Amino acid sequence: MTGTRHGHEPGVGGVGAVVRRHSDPALVTGHATFIDDIESGGTLHLAMVRSPFAHAEIKGVDASAALDLPGVHAVLTGAELVRHAKVQPVGWEHIDNQRAAPTYAMAVGKVRYCGQIVAAVAAESRALAEDAAELVEVDYEPLPVVHSIEDALAPDAPRLVPEWPDNVFGSQTYGNGDADAAFADAEVTVSERLTFGRQFGCPLEPRGAVATWERYTNRIELWINSQSPNRVREVVAEVLGVPVSGVRVRVPGIGGGFGSKANYYGEEILCCLLSRLTGRPVKYIEDRQESFVATSHAREQRIDVAVAATRDGVITALRGHIVGVLGGEISSVGMGPVWLSAVSIPGPYRIPNLELSVTGVLTNRTPYGSYRGWGAPKATFAMERIIERLARELGVDSNEIRRRNFVRPEEMPYSNGVFATLDSGRYEHCLDLCVERLRRDGWYRFREEARAAGRKVGIGVAAFVESTGIGPSRVMARLGIAQGGYDEAVVRMDSTGRVTVFTGQTEMGQGMSTTLAQLCADELNIPVDQITVVMGDTDACPYTGYGTGGSRAAAVGGVAVRQATGELKRQILRVASHQLEVDVADLEIADGLVQVRGLPGYGRTLADVAYAAYRRLTDVGEGTTPTLQGRAVFDPVALTYANGCAGVVVEVDPATGGVTVLGYVMVDDCGTMINPQIVDGQLHGGCAQAIGGALLEDLVYDRNGQLLTTTFMDYLLPTAMEVPPFSTVHVETPAPNTPGGMKGVGEAGTVPGPAAIAAAIDDAVDDPAVFVRHLPVSPEQVYRFCNAAG
Amino acid sequence: MSGETAITVSATVNGRRQTFTCEARETLADALRRRCQVRGVHLGCEHGVCGACTIRFDGVTARSCLMFAPQADGAEIVTVEGLADGDELHPLQEAFSRHHALQCGFCTPGFLMVAQELLAEGGPLTEEVVREAISGNICRCTGYHNIVEAILAVADARSGEAEK
C-alpha cells in the first residue's frame, strides 16, 4: 500500500492509493466461488432445446421419448410456460413510437432466431439432460428469414411480428438548431456510410443460474451471476407473479460481465419455474456454444454521418442516422444502446446544428443488448471517421480539426441541445497528452523509419466522451425507463470496531469491493483492511436503481457508500463525545482512535467506542440510539462525462492483409481516481476489447439466419499476441456534480479504440482511395486496400 | 447415452491419491470439478481454446476439457489448488495479485499453470517469450499487460536470486 493524497497516515489505503484487492487470494488459489460451484443436494440440471431455424412456426413438440428416459424430471415448453409466466419486461421504453413485441422466457408458438429456447429439460445430471434434449421432437414450419437491414426494410419484407406494418421497432429524430440551413450554406460538406459489425461481451465465464422455489414458504432463492441482482429480483417477481420480497437473489463471484450479464434473460425464469414444477433446486449453466446464440449481441449498426464545415475546419452542422440491427426478440434494454449511439455522435465537439436519428429493425438474429461501452464506441467511430474525412477534404491534420471544434473547459457545462450536457474535462489537453506520449514513446520516429524501410506503419488518434455515472433518476424517468438511477448504501461498525459496507453493487472483476472499501476507509480514516464489503444478496444488501453498469458503480454507488460512512462517522463521534466529554467538533478519527484534535493519543479506541455503542450503553448517554450504522441514498443530479483520447500504432502487412497493433496510448479522464492500479486495469481490458472489436470479433450470419461463429476458433478474442503493451495517461478533472469527483472508468477503454485503429490503418496504407468504413476490418479487406492497383 | 458402465479411476490430485468412478464419456475437467472437488479448474469453452481448465498432467500442462476422465488413471495431476504452500502463496500467485494481473479471476488458474510451466523451463524470459507462452490462454478482462508484467517480475526475481 502507498499513502493517500488526503493527508491520511500511510496504510489507510484511501482514495488515490494502490491497494491490493481483497478478492485476489481466493481467486489465485482456485478457492473463489463462481456460479457453477453452487450446487446443493438434489439439484436438477437444465439443458435447452434450441431452435435450429432462424424463423419458424412451432407446430408441435413431442417430449415423450425424453420424459421416458430414467432420471428426466420435466420438459417445459412454451405452451406450458404461458400458463405460469408473464412476458419478459423491457426496461427501456424511451422511443416515442416504440412498439411492443411481447417476449417470453422461451419461444411461444414461433421462433425468431437460431438458438431460441423451444424446450427446457430438467434431469439428474447435465449430461442426461443433454441426452434427453436430443430426444425432444419439434415440428417446425420454416418461415422466410429477415437477414439484414435491407431485408428488414424492404417493402415486401416478411414481418417478424405479423401485427406490425413493418419490422421497425422504433424510430426517432432529435435535433438542435437548423441542420438543413447549415448544410445548404456550408463551404464544405462530407458524408460517409459506415457499418459496425455484430459483437458481444463474451465474458470467459458463461451465464448461469441455480433456483430453489420453496413450495411451502413460496419463496424463491435464485443464485445468478448477474450484474443487476435487484433488477433480476423484480423481474422474476413480475414474470412469475410473486411478491418482490418473496425472491432472494444471490450473486457469487462473477467471471466477467461486460454488460452482457446486466441484461436479464429467460433462462433464470425457466430455472425458477422448473424448480416449482419439480420440487428440486434447478441449475442451468450456459455452455460456450450456447453463449454465442443466447447471450445478448451488440454493436451492429449502419451509420450515415455527414458534417458541414467552414474551409477553416469549423464544423457547423452534423447529421447522423443510425440503424441498429436488433434481433428477433427484444432484450431487456430495448434499443437503448442504438439510441445512445445516435445521440452521442457529437462527442466532445461544439456543433450548433444537429440532426440525429435512430431506427431499430428486427431481424432473425439473437437479441441485441448491452456490451461495455453501450452506444459510445459506435458514436465515436462515426464522429472521428467523419473528422478524418473532413481533414482529408480540407488537407488539414485531423487533430487540427479536433482542436478547432472541442468544447473548451470554460464553456462547460455545455449542452449540445440533444442529450449531452458536457460537465467537465480538458479535451484538447487530453489530445495534447496523447500526441506527446506517442512522441515520447518514439512512435512518430518509428513510423518514419519504418516507412523509409518500406513498411506500412500508421498512427491513428481518436478523442471521445462517454456518459458515465448513469443515471440520475430524473434522466431515467425522462427517458421512460422504469428504473431509478440512485444507489443505497449501509455502513455498519460492529461491536469490535470493524466496519462492514453493504451495497447493491456487484463485483465482476472490476475490483468494486476493494474500491468501495477504499472510499469508506478514506472517510473514516481507518485502514482499508478493517473493512468488509458485502454485496450480491438482495435480502441483506441495499437497493440500487440500476445495478452495476453504465460506469456507475463508483460514481453513484461509491458516493452512497461515502455518504453512509459519513453518517456512521457522526454516530461514532457522538458516542465518543459523550465518553470523553468533549465537543463533537473537537474530535477526529486517527490511528485507530477517536481523539481530541491537537492532542494525539488523547481519546478512546474505535473498538472501545464501538463496544460502548453496542454493549455498554451506560457509556453513550441518554437518548443515544444503540448500534452504529449509517445509511444513505445518492441520486446524482446529472450525468457526468468521462473523456480522453486514444492513439494507436499499427503495421499492415500488404502480403497477408494482417494488421498488427504495435502501440497503444490511452489518455483517460475518469475524474478522481480511487485506485490507480484498478483504473489502469479497467483501461487495459477495455482497450483489448477495442482491438477485438476493430480487428477480430465478428458474429457472422448466413442468409438463412444461421450463426456461423459459435466457437472460439471462429469468434476470435484477442490473445496476448494481438494485444500490445498499453501506455496509459491519466487526467483527473473532478466531476462537478459527483461528491468526490468520480466519473467512472469501467467502459472507457472500449470507446475510442475502434476509431483510432481505423485511422491508423488508413494512415498505414497511405492511399487517398483507402478509407476504413467497416469494423472489424478483415485481412481480406486490408489486402484489397493494399493491392487495389494490382 | 446414459447408464454406461462406470469406470473406476485412481489418480494423484495435488499430492493426494483419489479414487472415483465416472462415466466413460466424462471429461477430466468435469471429473476434477465434480468428483475430486477441485473447483479451481474452470470451464470457459469446453473446446480447448480458452485454457481456463489447464492442469499439469504427468508433468506437462494439458487442457482437462479435452481429456476423458478415465485417461487420468494412474496419472499425477496438479491443479491451481496445488500451487500454494499452505497459506503461503506461490510467487506467481503473489505476483499476479501485486501486479493486478487478474480481474474476474476466472481464467487465472489456467494462466498460473502455464506460467508455472514456463518458469520451470528455466530459460531467459523476455516479453515476447512470455506473450507467446500465454497465447493459448484467453483473458477477457486484463488485456494481458499486467499478466506479462507479473510473470516477468517473478522471472526477474528468480534470476536475481540465482546471481546472488
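In this predicted model, the C-alpha centres of domain 1 and domain 2 of chain A lie 40 Å apart. Domain 1 of chain A is built from two segments, 423-470 and 638-790, while domain 2 of chain A spans 486-634. The two domains touch: 19 residues of domain 1 of chain A are in contact with 17 residues of domain 2 of chain A. On the domain 1 side, β26 (640-652) and α19 of chain A each supply at least two residues. That side divides into 8 nonpolar, 9 polar and 2 charged residues.

β26(A) also belongs to a hairpin. With β27(A), 6 residues lie between the strands, and A:G657 there takes a positive phi near 80 degrees. Within this pair, A:E651 stands opposite A:T660 in β27(A). On the β28(A) side, A:M666 stands opposite A:T728. The two pairings of β27(A) are set out below.

| Strand pair | Sense | Bridges |
|---|---|---|
| β26(A) and β27(A) | antiparallel | 10 bridges |
| β27(A) and β28(A) | parallel | 5 bridges |

Strand β27 (659-669) of chain A is mostly covered, with 9 of its 11 residues buried. β27(A), α19(A) and β28(A) form a right-handed β-α-β unit.

Technical notes
Residues numbered from 1 in each chain as written. Chains lettered and ligands numbered in written order. Predicted model: local features only at pLDDT ≥ 70, side-chain atom pairs only at ≥ 80, totals over all residues. Domains from an automatic or database assignment. Contact = placed C-beta atoms within 7 Å. Helix = DSSP H or I, 4+ residues; strand = E, 2+ residues; numbered from the N terminus. Nonpolar A, V, L, I, M, F, W, Y, C, P; charged D, E, K, R; others polar. Buried ≥ 20, exposed ≤ 12 C-beta atoms within 10 Å, placed from the backbone. Pairing = 2+ DSSP bridges. Right-handed = clockwise from strand over helix to strand, strands pointing away.
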